[in-house]
Every structure is written in structure tokens, then in C-alpha cells.
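Here are my notes on two spots in this model. Have a look at the picture, then read on.

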Amino acid sequence: PIYSSFLHFISKLMDRENIIFLFLLLLTFFTLQTSTASEMLVSRRHLVGEWRLLHKSIGITAMHMQLLHNNKVVIFDRTDFGRSNISLPRGRCRYNSHDLVLHKDCSAHSVLYDIDSNTFRPLMVQTDTWCSSGAVLPNGTLVQTGGYNDGDHIIRTIAPCTGENCDWFELPRTLIQQRWYSTDHILPDARIIVIGGRKQYNYEFCPKNSRGNSAFRLQFLESTRDRKDENNLYPFVFLLPDGNLLIFANTRAIILNYKKNQLVRELPSIPGDEPRNYPSTGSAVLLPLDENRPMEAEIMVCGGAPRRAYGLTANMVYMKALSSCGRISVSDDNGRWKMETMPTPRVMSDMLILPNGDILIINGASRGTAGWDNARSPVTRSVIYRPNMGRYNRFSVMKASSRPRLYHSSAILMTDGRVLVGGSNPQENYNFTGVEFPTDLSLEAFYPPFLARKHKHLKPTVLSIDEILIYKKAFSATFTVPRFLRMGTVSIRIIAPSFTTHSFSMNQRMVVLKGVVVVAVSANTYRFTAFGPSTKEIAPPGYYLLFVVHAGIPSSGMWVITNSDGTRILYKLKRMA
């Protein structure tokens, strides 16, 4: 169209003055094009991210991770791996006659990692936490549900603390049904809903509701189960702004009114008819909720494996993973999937919301499925997806890690914007030799491009903030930035840290707050005013990381809390023990 316009323009130019003008215009046009291309080349050269090894070994493999509001990360794997590479403190041992490997085990299977000091210490879990789930109460306590063997009916809690004595607290036989490969989500009323699991086509609440020892049947989970391979475990669950839940399993998705146990509607199946849930493990994310626009909830599902892939791994056949992503607006009753293609096929990848609203796709393989030794061709290059860019400019490939992260790997966002990456245990036990992909006990940090030194002059630093956000009420904070561009480049975002395991980040959500006004206080110092979230359905009560984002560059996160209290829920859980 540009060149057609020029030809049309030329046809109307006859005199010398206009010809000279045209020449200068063309010269300017091509100079700008060359300049833009050079700038894009420089930009892409820097958009690679960085990797740094934090620890060669933390003693266990990071199968499950959760960031708490004291900047510590709870990490655990499972108790029936055998002895780990880190001992329990003070000569403690775990005695469990039901354990499938060791009845006496003096090693730890959980650690508490301190982000600020880059140190860790062992924690003690008594029963098996393998392939479990979790959510954080509004008061900051992690509630972890289920597991395997003697752990499948257990609820465990750990509260943020600074001392050396705080540890896991177990509530035996608290769950109504066994929960192995289930999904948890925090609700607006501060309860936790626990959905699905192996051969569990139902859901329940923590604490229990008025029905007592009865779970709520969910036919959808049974109808999405493949006869041999399942492909509906760890369903993707998201709380929507209207208070209903979106549940995605295999290739299908429904909207559920969990209060009435009623199906609101079923969404179209994702195109391609290829499964996205365990063991054909893809990943999914609720894209950022922006309160400055008409509220729209949109989910994105990426990767997975073909329907026959899991069974073929028994014959050492590793099918190519899926490279497609699908986005669908669930706010629109007539929403349809919009499909895109990742730069490489991926199975067992994690999807994390970064502070600037981009989506990081990290870890995984390009062939095979989840499960013991079921994958080949690790994908060590992460990908950043920019939801608001043009359709063909959304994916950017990052620098490769030196470590493959396959089955039982995980990743979470840290307070300062780095991503904590660990795990990978494709073997049935701790196995460090004689296998292609041995057990990995290391922790790494991935640095997204916005942490590059070249952006330091645009990076805000928060000096003070109102730590309690009241729904719909104004709050303020003061920040500095070396080179402030303009008010329109500032946004305020809150992120709920996720419980991550098996390529799904439970409870993860970002809300872009509305009503942001920025005023100068002094040289390089500014104050913003914004409004707390509109409803508990948009942002359930609890702790969030708040980021000031300036020109696409976020500050380090500041802990804030939406006004509610989880102490009542925790008290009820302990009374049930």
C-alpha cells in the first residue's frame, strides 16, 4: 500500500519543485527504514535473557515450589524416592511403616530456600507428597493437599516464619477423597477448592462445607478421561472475574458455578483434538486482567503431546510434541480459539506471568510425554510471549540453559523479577549415573531481558507503599526512576505467586490496577495513586507482589495484601485434624 501511494503521488507531480520534494521524502523514508531495522537488530541481540547457577545441589529435586511473603520458597519432592542428599537437622529421622522404600529415613524431602541470602535449610514431611497440589491462604499460610500412598488424604500446612523451628504441620485423613494429581485454587471467600485427581471425578473444599464428608461429583472430569492414558490429570483451573471457575481438561473446557455445582456452559474444544493435560502435559495461563479496560478474561493453553504419545514411549518411540498455543476469551459467550505456533514444539513446559505482563514459557522437551523416562530432546531455550504485540511478533527465543529440565521440573517468579528454576527427575528414584537424563538437584535463576543493565536508567525503585490494598479504595506509593519518560508509560500490577508443579502454576494471576496518576515529588522521585482491585473475584484476598512498571521495565516486587484474613480458615482446618 505504501508503494502504491507513492506511485499515485508521482502521477500527480509534474513540476520540478514537487520532484525535489519527492526525492527528499523518499530519502527520508529509506533512512528511517534502515534505522528501524538497525534498532530491531540491536534490540533482538539483547533480548536473550541470562542464566545463573544458584546451587549445584539443594539435596532434593524441585518437584513442587511456592514463594511465601517472607521471600522464602517452600520446595519439596516425595518421600518414597529413597534417601535424599540432605540430612534432617539435629539427628532427626522420619519413621513411617507405610513408606514404600524406607521405614526409617533421616534425610529431608523438603527445603526452605531464602531468596535474600541464597541459602536453604531442610524441612520435614512425614507422609508422601508426590504429585500433590497447594494454595496459599489470605494470611500467607501454604496449604498443601494430597499426594501418594499414605499421603493421599493428608493436608499439610507451613506458615511463613523467620526462626529455625518452623516446619510442616500435617493434618491426617483430612481430605474426603484421595487426591493425587489434583488441582487447588483459592476462592474469594478464602476457602480452597480441590479438584480432580487420579480416578476422582469430583471436587471438595478445605475446610469442608456443610455437606460434611461428601464430595461434589463433576461428570466433566470423567468424560475427559482417555481410557488408557487419562490425559485429564492436573486440570487447568482459573477463577474468573464473575466468580465462576474455568476448568480445562484434555481438549475441553467448562465454566462451573461451584457454589451451586452447576455447569454454566461448555467452551468449544481446542482445535486439533490433541490432549493438553497430564501425561500429555501442556501448560496454561490466565492472561493479565486489566481493570483499565472492559473486563475480559482470556486463557492461553500451549504445548502438549499427541493422543497416542504416552503409550508409544513404552516402545521407546517419542512422538513430536505439540507446537500450538490457543487463546480464547471466556468473557464472550461466542468466544472461539485463536491458534498460534510456538518457535518449537514443547511438552512439560511451565508458563509464568512476568511483572511486565509478558508470558515466559520455560523447561520441557520437544518429544515424548510426562512420566518416567518418557521424553527426549530437551528444550533448553525459553520463550517469551508478548500477548499485546502483533500476531506474528509475539514470540521471542531466549538464551539456552545448560541444564535440561524434564519431568518433575518447576519454575516460579521471584520477588526481584528473576525466575527460580529447578528439578528434573525423569527416573523413578534418585538416579545420578548410567541414564541419559539423571536426577537434577540444582537451582538456577533465569534473568528476563528487562533485568539487563541497559535498562537500568528506566527501572523504578519503590521507596514507600501502602501495604494494605482495600477493594476499590485509593492507595499510593513513592518511587524513583533515573530517567522518567511520561505518565502514560507507568502501570501498577499485582501478581499472586503460584504453587507450581507438573507444568501448571496454580493460583497464578495478574491484575493491572486502574486509576493510576503519577505526580513529581522531587528530582527523579514520583508518587503514584491507584485503586485497589474492584472485587474479591478479580483478586482473591491474600498476599500479592506489586510491581511499578515504567516503559516496560518493572521495579522489584513489593509485598501487599488485599484486606482479608485466613486465620479463621486455618483454625477450622486444625480443628478437623
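1. Some terms before the sheet: two strands pair if DSSP finds at least two bridges between them. Strands are DSSP runs of E, at least two residues, numbered from the N terminus. This is a predicted model, where local features need pLDDT of at least 70, side-chain atom pairs count only at pLDDT 80 or more, and totals for chains, interfaces and linings use all residues. Residues are numbered from 1 along each chain as its sequence is written, and side-chain values use heavy atoms, with hydrogens and water left out.

2. β13 (residues 192-195) and β14 (residues 202-206) run antiparallel, joined by four bridges. One of the pairings sets Ile193 against Phe205 in β14. Six residues separate the two strands in this hairpin, and Gly196 in the turn has a positive phi of about 75 degrees.

3. β13 also pairs with β12 (residues 183-186), antiparallel over four bridges. Here Asp184 sits opposite Val194. The β12/β13 hairpin has five residues between its strands, and Ala190 takes a positive phi near 80 degrees.

4. In a regular strand, side chains alternate between the two faces of the sheet. In β13, Ile192 and Val194 are buried on one side, Ile193 and Ile195 on the other (buried: under 20% relative accessible area, 1.4 Å probe, protein chains only).

5. Now to Thr562, in strand β45 (residues 558-562). Thr562 counts as buried because its relative accessibility is 0%. Its side chain reaches the backbone nitrogen of Gly542 at 2.8 Å and the backbone oxygen of Pro540 at 3.4 Å.

Technical notes
Buried means under 20% relative accessible area, exposed over 50%, partly exposed in between (1.4 Å probe, protein chains only). A polar contact is a pair of N or O atoms within 3.5 Å; within protein, one must be able to donate a hydrogen and the other to accept it, and residues adjacent in sequence count only if both atoms are side-chain atoms.
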